[in-house]
Amino acid sequence: MDPGLLAWSVLTAWALLSAAVAWCRSAGFRDGDIWAGAAIRVARLYSRLFHRLRIEGREHVPVRPSDGVGERPLIVIANHTAGVDPVLIQAALPFEIRWMMAEDMRLPALQWLWDFGRIIFVDRGRGGSAGLREALRHLKTNATLGIFPEGGIERPPRRIMPFREGIGVMIERTDALVLPLIIDGTPQVDPAWASLWRPSRARVRFLPVIDFAAQGAQAQAIAAELRELYLRQTGWPANDQPADPDAPDRGSVRNGPDAAPPRDGT
């Protein structure tokens, strides 16, 4: 190869690599971590191109650092429509969410992804106390936590299931602000993870932040009020049958607290 052409190729490759690194770091996630920045960039491209993600209500999203740690803890809650929901919601937000997930959804082949995302797993079969303690510790650092309070994917779709009282307990105990959002238009397929490779026209709609601490609301009332908010904002009918913890189909994924967090410290 001609030395001049070789030098030009090396310089071009170096420039492209430098631009890619800068692009990833400019995402601002985890103090400019390259891999975290690359992950969120890819998630946003994937959401925009593959799921045609439409985002509404951006004005309701609170201003927080990219690591999701603000002056008060924040709990992002959403109805649950598909396994792809956490990816689309994270892509719609400028700060990082740490998600809660049911232990039985922890596919061993994706352990690297769970570790990278710092997922908090809740073992429902054993009461989930370890995961709930970790979630409380996370919130006490004024960080951001993501929860699906229905405890499972909406089956049949576009029906709001009961909200677990545990979401109210976590909000009451931590004085967390609550950012509700409605997700819709995702692939309605089973098992849950099949939605990752099915295109769709998804929509994320943010609602105004709620400060239950200022209202002095208690746990049971918080869970009931949040469910009523979703019924009112979606116009969907209620499905009063809770998510089935023994459902054999992984389409009925269970995410989020289903019991009160332990009260003997964290």
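**Entry 1: Arg 118.** I started with Arg 118, which counts as partly exposed because its relative accessibility is 33%, between the 20% and 50% cut-offs. This is a predicted model, so I read every value here as a property of the prediction. I found Arg 118 in the loop between H4 and strand E4 (120–122).

**Entry 2: Asp 175.** I then turned to Asp 175, where phi is near 55° and again positive in a residue other than glycine. Asp 175 sits in the loop between H6 and E6. I put Asp 175 down as partly exposed because its relative accessible area is 41%.

**Entry 3: cis peptides.** Next I went through the prolines. Arg 155 and Pro 156 are joined by a cis peptide bond, with omega about 0°. I traced Pro 156 to the loop between strand E5 (144–147) and helix H6 (165–174). I also noted a cis bond from Asp 190 to Pro 191, with omega near 0°. Pro 191 belongs to the loop between E6 and E7.

**Entry 4: the whole chain.** Time to step back. I counted eight helices and seven strands in the chain. Of its 266 residues, 49% are buried. For contacts with a separation of 6 or more, I noted that 76% are between residues 24 or more positions apart. The accessible surface of the chain is about 12800 Å², and carbon and sulfur atoms hold 57% of that.

**Entry 5: strand E6.** How many residues of strand E6 (residues 177–184) are buried? I got eight of eight, so I wrote the strand down as mostly covered. I sorted its side chains by direction: Leu 177, Leu 179, Leu 181 and Ile 183 point one way. Val 178, Pro 180, Ile 182 and Asp 184 point the other way, and all of these are buried too.

**Entry 6: strand partners.** Which way does E6 run relative to strand E2 (residues 74–78), parallel or antiparallel? The two pair in the parallel sense over five bridges, and I saw Ile 75 opposite Val 178 in E6. With strand E7 (residues 203–206), E6 pairs in the antiparallel sense over four bridges. I picked out two partners there: Ile 182 is bridged to Arg 205 in E7, and Asp 184 to Arg 203 in E7. E7 also runs parallel to strand E1 (residues 54–56), joined by three bridges. In that pairing, Ile 55 has Val 204 of E7 as its bridge partner.

**Entry 7: helix H3.** I looked at how well H3 is covered and found seven of its eight residues buried. I listed the buried ones as Asp 85, Pro 86, Leu 88, Ile 89, Gln 90, Ala 91 and Ala 92. They pack against H2, E1, E2, E3, E6 and E7.

**Entry 8: the largest pocket.** I noted a volume of about 770 Å³ for the largest pocket. Its lining has 25 residues, and Ala 39, Ala 43, Val 87, Leu 113 and Phe 116 lie nearest the centre. Helix H2 (34–50), helix H3 (85–92), strand E3 (98–102) and helix H4 (111–117) are the elements that give two or more residues to this lining. H2 gives the most, with six.

Entry 9: The elements that give two or more residues to its lining are H2 and H3, with the largest share, three residues, coming from H2. Among the lining residues I marked Arg 44, Ser 47, Arg 48, Ile 55, Ala 91, Ala 92 and Phe 206. The class tally is eight nonpolar, one polar and three charged.

**Entry 10: Glu 71.** One last stop: is Glu 71 buried or exposed? Glu 71 counts as exposed because its relative accessibility is 79%. I placed Glu 71 in the loop between E1 and E2. Its C-alpha is 8.6 Å from that of Ala 143, a residue 72 positions away along the chain.

How values were computed: Residues numbered from 1 in each chain as written. Predicted model: local features only at pLDDT ≥ 70, side-chain atom pairs only at ≥ 80, totals over all residues. Heavy atoms only, no water. 1 Å grid on protein atoms, 1.4 Å probe; cavity = no way out; pocket = protein on both sides within 12 Å on 5 of 7 lines; lining within 4 Å. Points joined across faces, edges and corners; volume = space filled by probe spheres on them. Nonpolar A, V, L, I, M, F, W, Y, C, P; charged D, E, K, R; others polar. Buried < 20%, exposed > 50% of the residue type's maximum accessible area, 1.4 Å probe, protein only. Pairing = 2+ DSSP bridges. Contact = heavy atoms within 4.5 Å. Areas by Shrake-Rupley, 256 points an atom, 1.4 Å probe, with all protein chains shown as cover.
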